[in-house]
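Take a look at the sequence and the fold below.

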Amino acid sequence: MTYLDTVNWMFSQLPMYQQQGKKAYKKDLGNTKLLAKHLKNPETSFKSIHVAGTNGKGSTSHMLASVLQEAGYKVGLYTSPHLKDFRERIKIKGKEVSKEFVVDFIKMNKAFLETNTLSFFEMTVGMAFEYFATQKVDIAIIEVGLGGRLDSTNIIAPEVSVITNIGLDHTQFLGNSLKAIAAEKGGIIKPNIPVVIGETQEETTAVFNIIAAEVHSEILYADQLITESYTSDLIGSYQEKNIKTVLQTIKVLQSNNWKITDNNIKNGLLEVVKNTGLKGRWQVLQESPKVICDTAHNLEGLTYTMKQLQQEDYNKLYIVFGVVNDKDLDGIIDVLPKAANYLFCKPNIPRGKDASELLVYFKERGFEGAYYESVNEAYNAAKNQANKEDVIYVGGSTFVVAEII
């Protein structure tokens, strides 16, 4: 198979959360462990950092990778979802895994994958671990896909575990309360391995403290411990919290004899995009009119981005907005500005919510807008309508942002 054939097979033949939602979610790690054993447990041959959380885990993972790259380490980075190309999920020193490796991995293991009906995410995690092992990385930053306790990545024994924060997202899998979600994400806390918590939250602190105590894991709350201030090229206001999480994580590594200087930290945080290729985090695509895109898609993330958006200087605000069909609109509607022109669209995936339904929902709640058949149609309409003094924001879903960058 060609690379395109291979990726299309991965997307279409096996359960994949991005495409199918809830039925792609596996409730145990059996398949992941089976695949790891089949691959001779590649996850045991490299050091790692495990990063979970409702918001900020992607930015935090990329920041950590960038800092460690500046320190001279060969750094693997596993994240999800991708925006344009599947290979964005698996990188070493900012360079995507080769097409040849993806093709060869599936070719060599296809019979096993089919026989054991592994999910898209399970096989991708196995591929990443195999790649990092064969390429002999010094350390890999592994971002949790969904939750923590039952996530396919949760077979590693990292140098440090990281949980950025807890919010109400993916409640159909993880639970309907912050405590329940914290218990799932706290499942990445390992015996005798320190854990860094990014944000102290009243509802979740006791949950994390109990889990950590049970497994003798030192627990460190970054927002209570970090007083230093650093600047990053990731310019969203919410990145301040992620930077503190990164700084505390680096302190743990330094205490374990990882050689990371203050200059490495400073330069790593300033060169995240260059070093890792991260996209879609408060990314300014053009000026005049200013176009900003952001992958924030739940209450906590959108609260920050909408607050920052309304601090922009503009005449009119245009918002190109789309979501997936299981999005809790009631949970996010209150943070979205009414004083904006909305251009509703459906991301081009099976789970995309119909744009005309979005328009009806928003109009019933006093918002103004129109709907379009595609993301690009809505985006082009916004650019045609906006003047130089206006601002266009594109978001609501990772999949909306993916179609315009």
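## Two helices that cross

Axes are lines fitted to C-alpha atoms, and the angle between two of them runs from 0 to 180 degrees between N-to-C directions. Keep in mind that this model is predicted.

Now take helix α4, residues 57-70, and helix α12, residues 262-270. Their axes come within 8 Å and cross at roughly 130°. That angle makes α4 oblique to α12. The crossing of α4 and α12 is right-handed.

## Where the helices touch

Which residues meet at this crossing of α4 and α12? From α4 come Met63, Ser66, Val67 and Glu70. From α12 come Asn264, Ile265, Asn267, Gly268 and Leu269. By type, this contact has 4 nonpolar residues, 4 polar ones and 1 charged.

## The largest nonpolar core

The largest nonpolar core holds 37 residues. Met127 and Phe132 have the most contacts inside it. Six elements each supply at least two residues of this core: helices α1 (3-13), α3 (30-38), α5 (99-115) and α6 (120-134), and strands β3 (90-92) and β5 (139-143). The biggest share comes from α6, with 10 residues.

What does Met127 touch, leaving aside residues up to four places away in sequence? Its partners are Met10, Phe86, Ile90, Phe101, Val102, Phe105 and Ile106.

## A second core

There is also a second, separate core, with 31 residues. Among them are Val196, Ile226, Val272 and Leu278.

Definitions and conventions
Residues are numbered from 1 along each chain as its sequence is written. This is a predicted model: local features need pLDDT of at least 70, side-chain atom pairs count only at pLDDT 80 or more; totals for chains, interfaces and linings use all residues. Side-chain values use heavy atoms; hydrogens and water are left out. Helices (H or I, at least four residues) and strands (E, at least two) are DSSP runs, numbered from the N terminus. Angles under 35 degrees count as roughly parallel, over 145 as roughly antiparallel, 65 to 115 as roughly perpendicular and the rest as oblique. A crossing is left-handed if the near helix is turned anticlockwise from the far one by less than a right angle, and right-handed if clockwise. Contact means heavy atoms within 4.5 Å. Ala, Val, Leu, Ile, Met, Phe, Trp, Tyr, Cys and Pro count as nonpolar, Asp, Glu, Lys and Arg as charged, and the others, Gly among them, as polar. A nonpolar core is a set of buried Ala, Val, Leu, Ile, Met, Phe, Trp, Tyr and Cys residues joined through side-chain atoms within 4.5 Å. Buried means under 20% relative accessible area, exposed over 50%, partly exposed in between (1.4 Å probe, protein chains only).
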